[in-house]
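Hi everyone, thanks for coming.

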Amino acid sequence: DLSLHLYSLYAEVEYCNGRFHNIYPTVKCIFAHAKVYRDKLRAYATLIKALGAQYKLKEATDMCFGVLSQLGVQRQSSLPDTSAVLRDLMALKSSLEKLSDVELLNSREMVNSDMVTAMSFLQPLLLYNFLSNGEVLLKIVFHMLYLTLKYGICEESCCCLSSLSAVICRMKDYDASERIGQLAILLLDKFQYRKYISF
């Protein structure tokens, strides 16, 4: 309703101003009065960004996976081990290398609202874990790729592809890294996802 919307806007303004101490009581009020879980999502997104901005990366990551579990995405603790994720990522990498520009551009768009929201929550975790936790980063990239391939492309798919390109570059597979990076830019240009242009 209007009051929840105004409280959510206030929390976002306080985040933008760096007054993080004002965010916590605001979102607490939203959580107490929200009638359904979806009404809490905007407040959770702001709170997670505030935690990340304060370098409370584990807390932000754990909270995000808690939200994802409510949206039907597995919790971090249930994910396969790193070696299994890495193996599956390499298989996906091979498939993506063979994907033509036309095939990517003709891919269906993601319409499942829960999965679109899940991707928007996973995106900041790429940034939070890129330098701090390589194992979690691999699992996040894998999850985002899985959701993209299963449900379709969305704004955050280009971030997922660019992160995979960076991971593969670290493995010195430069040709594959370049190709997947090109796919990420292709999505960015096709759908004009300007907010992720720096990603």
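Predicted model: local features only at pLDDT ≥ 70, side-chain atom pairs only at ≥ 80, totals over all residues.

Residues are numbered from 1 along each chain as its sequence is written, and side-chain values use heavy atoms, with hydrogens and water left out.

Okay, the overall picture. The protein has 10 helices and zero strands. Helices here are DSSP runs of H or I with at least four residues, strands are runs of E with at least two, and both are numbered from the N terminus. Reading along the sequence gives you α-α-α-α-α-α-α-α-α-α.

How does the radius of gyration fit a compact globule? For 199 residues, such a globule would come out near 16 Å, and the protein has 17 Å, which agrees. That radius is taken over C-alpha atoms, and the globule rule is 2.2 Å times the number of residues to the power 0.38. The C-alpha trace spans about 50 × 30 × 30 Å along the principal axes.

Of the 199 residues, 45% count as buried. I'll also talk about contacts, meaning heavy atoms within 4.5 Å. Among contacts with a separation of 6 or more, 68% come from residues 24 or more positions apart.

Let's zoom in on helix α7, residues 113-130. Its 18 residues, at 1.5 Å each, should span 26 Å, and the end C-alpha atoms are 26 Å apart, which agrees. The expected span is 1.5 Å times one less than the number of residues. What does α7 hide? Its buried residues include Met115, Met119, Phe121, Leu122 and Tyr128. And what do the buried residues of α7 pack against? You'll find α3 (41-53), α4 (57-70), α8 (134-151) and α9 (157-170) there.

Now a couple of buried residues in other helices. Glu14 sits in helix α1, residues 2-16, and it is buried, with a relative accessible area of 3%. Leaving aside neighbours within four places in sequence, Glu14 is in contact with Arg19, Asn22 and Ile23. Over in helix α10, residues 174-191, we have Ser177. Ser177 is buried too, at a relative accessible area of 8%. With neighbours within four places set aside again, the contacts of Ser177 are Ser165, Ile168 and Cys169.

Next, the start of the chain and what comes back to it. Asp1 is in the segment before α1, and at a relative accessible area of 60% Asp1 is exposed. Asp1 and Asp39 are 38 residues apart in sequence, and their C-alpha atoms are 8.8 Å apart in space. So where is Asp39? Look in the loop between α2 (23-33) and α3. Asp39 is partly exposed, at 31% relative accessibility. Outside the four-place neighbourhood, Asp39 is in contact with Leu4, Ile30 and Ala34.

Staying with α2, that helix also holds Phe31. Not counting residues up to four places away in sequence, Phe31 touches Lys40, Ala43, Tyr44 and Leu47.

Last stop: backbone angles. Most residues other than glycine have a negative phi, and most peptide bonds are trans. Which way does Tyr55 go, positive or negative? Phi of Tyr55 is near 60°, a positive value in a residue other than glycine. Tyr55 is in the loop between α3 and α4, and at 63% relative accessibility Tyr55 counts as exposed. Then there's Lys172, which we began with: its phi is positive, about 70°, although it is not a glycine. Lys172 lies in the loop between α9 and α10.

Note on methods:
Buried < 20%, exposed > 50% of the residue type's maximum accessible area, 1.4 Å probe, protein only.
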